[in-house]
Every structure is written in structure tokens, then in C-alpha cells.
Amino acid sequence: MDYGKKINPAVRSIKPSGIRKFFDIAAEIPDAISLGVGEPDFVTPWSTRSAAITSIRRGHTAYTSNRGLKELRTEISRYLSSRFFLDYDPEKEMFVTVGASEAIDLALRTLVSFGDEVLVPDPSYVSYVPGIMLAGGVPVPVPTRAEDDFALTVSALESVATEKSKVLILPYPNNPTGAIMTKEQLEDVARFAKERDLMIISDEIYAELTYGRRHVSVCTLDGMKERCVLISGFSKAFAMTGWRIGYVAASKEVTDEMLKIHQYTIMCAPTFSQYAALDALKSGATDGYADVEYMREQYDMRRSFLASRLSDMGLNCFEPKGAFYVFPSVKKSGMDGEEFAERLLKGKHVAVVPGNAFGEGGKEFVRCSYACSLSTLKTACERIEEFLK
């Protein structure tokens with residue numbers, strides 16, 4: 001059988017995830033420390049787990065509406081309003097997805113036609129480029145620089161945008177750099193989007209995890225709601241990665257079209273996970289999101305430690321303002337990120353992710369997650385320091 005003739009060329013052209021390679025190797029090393037995991041080390045709060053168990057005991061095991069539980073959508077709408085000043089109609093302008101990843105895929109397949117160019121900050125999350133390619137689009141990297149704190153600039157956008165540019169992905173707070181965008185910076189990008197008539201996919205999954213200032217959504221800026229698709233979910237801030245619950249919010253005209261794909265490919269998000277998410281929001285609203293605040297405080301402490309420690313070793317390290325990653329340059333070691341990550345894992349049993357997994361702009365960097373205990377970070381840093389010496 002010649003599978004080369006049978007498999008979709010677009011799929012064959014996609015490279016395997018650069019992250020998984022190091023996870024797989026680390027899994028075979030008994031004492032390996034992984035700083036590559038992009039998920040909280042906290043367990044989902046008990047009340048949320050209990051809500052899921054209760055839903056199963058009560059027999060809530062059937063499909064929900066394609067849009068998701070009405071009560072959950074209502075709570076998401078209230079949450080977005082109270083936390084980020086966003087105004088979305090839970091009946092017409094949002095629906096629940098299987099994680100933010102499904103929402104990103106749906107947004108791309110809905111907005112992108114064959115040959116359309118999609119502007120993607122480089123470096124950024126590994127799934128954007130493959131998703132664009134599978135939708136028939138052309139990914140166009142937009143360079144971001146450590147000198148600009150990895151923020152997206154209009155000058156960088158202007159350097160790569162063409163008449164074929166249709167969509168801009170705005171992933172802030174950013175994975176892998178930990179960068180954020182201020183309101184003033186977002187306003188510049190918003191003006192550019194209006195001038196070029198771009199749609200924006202705003203991936204705000206790390207919105208709760210910012211340090212020193214609150215997250216500002218581009219969707220709140222004047223005239224931007226109509227051209228934005230907001231993507232978010234419960235994985236990061238609520239420690240619910242395995243529950244696979246996300247959501248999308250946008251104008252009715254866009255969500256109606258996205259929902260068609262969701263109906264035919266997914267039907268609905270898992271029912272018990274929706275009840276868990278409902279509890280996470282209700283409990284959070286009751287106690288001022290105490291669990292979210294606690295986790296953010298812990299991440300902040302780890303962030304300061306890891307960024308400072310790596311800088312002391314001579315690795316130039318931008319201090320992240322969001323998410324839970326540090327993105328140090330390893331150029332001074334005489335290695336690129338790929339070689340550094342491979343030798344560190346084999347020599348000192350510490351797994352980090354080479355920056356080129358997130359785009360060519362990251363080739364001299366590595367991503368280190370601080371979503372692990374402080375004691376683990378201390379041990380990992382000791383090993384990294386030994387490796388550098």
C-alpha cells in the first residue's frame with residue numbers, strides 16, 4: 001500500500017509537536033525533572049470535582065445542547081463581565097467547546113479560506129500553525145523580540161502583512177514567552193486591524209494569570225468586539241486541564257457558523273465536565289475566586305525565583321508578566337535551544353522545551369514551565385547550573 005498517495009498532503013506536511021519529543025524521552029528517565037509541562041500542578045478543587053461526581057450520580061449522562069448547558073453559558077457570561085468587562089449574550093454569542101483547542105480549530109476553519117494569510121506572533125503556541133494549514137490557510141510569522149518584551153508591534157505587523165492577510169491571532173498572555181500586552185499596545189494593534197480589515201482570534205486562556213497588572217482584552221476596545229473571536233477556557237486558571245472545557249465568544253454571525261462545525265464533529269462538550277465548570281464559576285463568584293488567586297500567588301513566587309535564578313546563571317531572561325513560563329536565551333552557552341535541551345536532558349535529567357518548537361524566533365531560547373513546586377524548581381536549577389559549568 002502506497003500511503004503517500006492516500007494521506008492528505010496537508011497532514012503529511014505538519015511536523016510532530018516539538019514538545020512531545022522531550023516529554024517522551026523524559027518519561028523513560030526515572031529521576032527526570034520536567035519543566036516542560038504546560039499545565040498546573042494543582043489538583044482541581046474538591047467542590048468542582050464533587051459537582052461532577054454528583055452530576056453522574058443524578059444521571060446527567062446524556063448530551064447537552066450543542067451550545068452547552070444554558071446555566072453554564074450564563075455563568076461564563078457573568079464571569080467575563082465581572083472579571084474582564086466583556087459583554088456577551090449567553091444565548092447567541094457563545095458556546096462551550098472541548099477545551100480552548102477545539103475553539104481555536106473552529107475559529108480557523110470558519111474564518112480562513114484556501115490561500116488566506118493568517119498573521120501569527122512568533123514565537124507562540126505550537127498549535128496555531130498546524131491549525132492554519134489544516135484550514136487551508138497560509139501561516140505568516142510576525143516576529144516579536146525580547147527587546148520589546150515579546151509584545152506584538154505594529155511595525156512588525158506592517159513588515160509582513162499583505163493584501164491576502166485576513167486573520168490575526170493575538171495570544172496574550174503568551175505561551176511560551178510569558179509576555180502580556182498593555183491597553184496602549186492593544187490599541188495600536190486594534191487600529192492596524194481596522195485599517196487592514198482583519199479579524200482577530202484572541203486566545204486569552206491565561207487571562208487570569210498575570211502579575212503586576214490585570215489582563216486587558218482587545219475585545220473590550222472601541223469597535224473591536226465585532227471583529228474579534230474570544231477563546232478561553234478552564235484549563236489553566238481553574239486547574240482543569242483534563243476536563244477539556246473551553247468556550248468561544250463572538251458575534252452571533254460568527255458563532256452560528258462555528259457552531260455548524262461543532263455540531264457535526266463534536267456534538268457537545270462532556271456533560272459531567274460542564275457541571276464541573278459550572279461549579280468552578282459559581283464557587284469562584286461566591287468566595288472572590290480564592291482558589292484562582294491562591295494559585296496565581298504561588299505562580300508569582302515561582303516566577304520571580306526562576307527568572308532571577310536563571311539570570312544569575314548568565315542566561316538572559318526576560319521577566320514574564322503572564323502565564324507560567326520563563327523563556328531564557330541560551331545563546332551565551334554556545335548552543336541553540338534544540339542542542340541545549342537535548343544535552344541538558346541527557347546530561348542532567350532536566351526537561352525543557354526548545355524555543356524553535358514555537359517558531360523560528362525562539363531558536364536561541366528554551367521554555368521552562370514553573371507550574372511545579374518551588375522545591376522542584378530549586379533542584380532543577382541546581383542541575384542546570386551544574387550543566388552550564
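With which residue does Arg303 form a salt bridge? This is a predicted model; select Arg303 and Glu319, whose closest N and O atoms are 3.0 Å apart. The pair links distant parts of the chain: Arg303 belongs to helix 11 (residues 290–312), while Glu319 sits in the loop between helix 11 and strand 9, 16 residues apart. Colour the two by accessibility. Arg303, at 7% relative accessibility, counts as buried because the cut-off is under 20%. Glu319 is partly exposed, with a relative accessible area of 41%.

Next, select Arg83, Glu208, Arg214, Glu293 and Arg296; salt bridges that share partners join these residues into one network. In total the structure holds 24 salt bridges. Side chains of opposite charge can pair when their charged atoms come close.

**Two pairs within helices**

Go to helix 5 (residues 99–111) and select Asp105 and Arg109. Their side chains meet in a salt bridge, with an N to O distance of 2.9 Å. Because Asp105 and Arg109 are four residues apart in this helix, about one helical turn separates them. Asp105 is partly exposed at a relative accessible area of 25%, and Arg109 is also partly exposed, at 37%.

Then move to helix 9 (residues 252–265) and select Lys252 and Asp256. Here, too, the side chains meet in a salt bridge, N to O 2.6 Å. Lys252 and Asp256 are four residues apart in helix 9, so they are separated by about one helical turn. The relative accessible area is 38% for Lys252, which is partly exposed, and 23% for Asp256, which is partly exposed as well.

**A buried threonine**

Where does Thr177 lie? Select this residue in the loop between strand 5 (165–170) and helix 8 (183–196). Thr177 is buried, with a relative accessible area of 1%. Show polar contacts around its side chain. One of 2.8 Å joins the side chains of Thr177 and Asn174. A polar atom of the Thr177 side chain also lies 3.2 Å from the backbone nitrogen of Ala179.

**Strand 12 and its partners**

Strand 9 (residues 325–326) and strand 12 pair in the antiparallel sense over two bridges.

For the other pairing, select strand 11 (residues 353–354), which joins strand 12 in the antiparallel sense, again over two bridges. Pro354 stands opposite Val366 in strand 12.

Finish on strand 12 itself, residues 366–369. Are its faces covered or open, and which residues lie on each side? Val366 and Cys368 are on one side, Arg367 and Ser369 on the other. All four are buried, and both faces of the strand are covered. In a regular strand the side chains alternate between the two faces of the sheet.

Conventions
Residues numbered from 1 in each chain as written. Predicted model: local features only at pLDDT ≥ 70, side-chain atom pairs only at ≥ 80, totals over all residues. Heavy atoms only, no water. Buried < 20%, exposed > 50% of the residue type's maximum accessible area, 1.4 Å probe, protein only. Pairing = 2+ DSSP bridges. Salt bridge = Lys/Arg side-chain N within 4 Å of Asp/Glu carboxyl O. Polar contact = N/O pair within 3.5 Å; in protein donor to acceptor, adjacent residues only side chain to side chain.
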